[in-house]
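Please look over the sequence and the structure below, then follow the text through the ligand site and on to a pair of strands.

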Amino acid sequence: MLKTLIIICFSLTIIYSQKFERLAQTPPMGWNSWNNFACDVDEKLIRETADAMVSSGMKDAGYIYVNVDDCWHGERDSLGFIHPDPARFPSGMKALADYIHSKGLKFGIYSDAGWKTCGGKPGSRGYEYQDALQYAKWGVDYLKYDWCNTEALNAEGAYLTMRNALYSAGRPIVFSLCEWGNNKPWDWGKNVGHLWRTTGDITNCFDCVVDHGTWKSWGVMYILDMQDGLRIHAGPDHWNDPDMMEVGNGMSVSEDRAHFSIWCMLAAPLIAGNDIRNMSKETIEILTNKEVIAVNQDSLGIQGFKYSTEDSLETWFKPLSKDEWTVCFLNRSSETRTMDFVWEDYKIADEFSKREINFEEVIFNIRDLWIKKNIGTTDKKFSAQVKSHDVLMLRLTPVK
Ligand code: GLA
């Protein structure tokens with residue numbers, strides 16, 4: 001009798017397994033250790049980062065997740081439970097999660113669908129339910145799940161296993177699929193996780209590729225071009241993830257501003273990847289620009305699109321709630337560009353969101369989101385300069 005009951009309960013859990021819904025109605029915002037610290041992580045860094053999240057104003061701007069990436073792991077115990085590296089995390093993960101929660105923030109962790117992580121630490125393959133239980137007990141709120149060492153695994157199946165394991169463990173955890181776009185996660189990821197990586201790894205340059213031999217990492221513009229065609233797959237609770245940000249990691253201020261603006265136009269998760277304990281004034285200003293963040297976090301949840309390219313000057317539009325729009329001019333060339341913009345010449349009809357702009361019929365107020373000033377209306381010709389590797393980002397609000 002007991003056996004039958006257990007089998008029924010187990011089967012019901014499988015049948016009714018799902019992802020935890022509504023954990024990411026807008027793109028997740030936070031920080032992750034990988035881009036700047038790689039495997040050099042410990043509890044001191046994570047605690048100090050949580051402190052800095054509050055003191056820098058990032059928490060106030062909406063950043064909430066403090067995520068430790070690869071290499072936090074120690075060994076599995078005799079029962080198979082994973083433990084953190086005792087030298088790097090001597091107080092344990094529960095204490096770390098408690099500390100982060102005490103700051104009003106959330107805690108993220110990293111694992112891998114294969115038998116080892118990309119950094120060679122124990123992966124979750126064969127331990128999915130046990131790991132999910134352990135994360136739930138620690139108080140984890142976000143899991144980034146990587147794709148190294150997954151020979152002979154089916155991606156959708158492997159991610160479904162972890163999704164179901166998280167659901168059975170009972171603690172709502174944002175599930176971030178890090179499969180690099182190899183198996184088109186945008187086709188099946190919506191019911192599996194809350195965000196999925198669309199590309200290989202980002203690197204801290206605007207327009208370069210770094211060849212590591214067996215794999216490559218990509219500058220911001222390369223990653224941007226790889227997003228082509230994917231916007232129809234994203235929306236509230238299921239986002240395309242063009243990777244964590246490189247703002248503050250060595251590009252010029254203009255390039256950082258362009259990178260951040262474009263991630264906001266793409267409704268991308270805003271996961272900072274720099275050392276937020278030591279930020280320049282410019283980096284803080286970029287990462288905490290609330291008006292630009294509001295474009296990313298708009299409740300409509302529509303990813304922006306490229307309207308045109310002329311001599312390396314791209315024009316991007318993103319529909320917002322309440323019939324507002326953002327337009328972002330991105331100068332990819334090495335020279336300053338001057339634009340003469342006649343709004344009526346632009347006919348915007350977005351098939352995906354079913355939204356249109358006819359500038360002959362509707363006049364918009366224009367606000368420059370970086371200088372934070374209202375700069376006129378769309379019934380007049382508009383002239384502006386955009387510096388090399390920089391943007392002009394404007395919010396358009398219909399005149400009542
Ligand atoms: C992969 C991921 C990165 C990072 C590293 C960690 O390359 O794509 O984002 O998590 O693994 O080893």
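How far does a polar side-chain atom of aspartate 201 lie from an oxygen atom of the ligand? The distance is 2.5 Å. A polar contact here is a pair of N or O atoms within 3.5 Å. Aspartate 69 has a side-chain N or O atom 2.7 Å from a ligand oxygen, and for aspartate 70 a polar side-chain atom is likewise 2.7 Å from an oxygen of the ligand. On its own the ligand exposes 310 Å², of which the protein buries 94% (Shrake-Rupley accessible area, 1.4 Å probe).

The model is predicted: local features need pLDDT of at least 70 and side-chain atom pairs pLDDT 80 or more, while totals for chains, interfaces and linings use all residues. Residues are numbered from 1 along each chain as its sequence is written, and side-chain values use heavy atoms, without hydrogens or water.

The ligand is surrounded by 13 residues, each with a heavy atom within 4 Å of it. Asp69, Asp70, Lys144, Asp146 and Asp201 are the closest. The shell comprises six nonpolar, one polar and six charged residues, with Asp, Glu, Lys and Arg counted as charged and Gly among the polar.

Elsewhere, strands E3 (residues 73-76) and E4 (residues 82-84) pair in the antiparallel sense over two bridges; pairing requires at least two DSSP bridges, and a strand is a DSSP run of E with at least two residues. Histidine 73 is opposite proline 84 in E4. Five residues separate E3 and E4 in this hairpin, and glycine 80 in the turn has a positive phi of about 95 degrees.

How values were computed:
Polar contact = N/O pair within 3.5 Å; in protein donor to acceptor, adjacent residues only side chain to side chain. Helix = DSSP H or I, 4+ residues; strand = E, 2+ residues; numbered from the N terminus.
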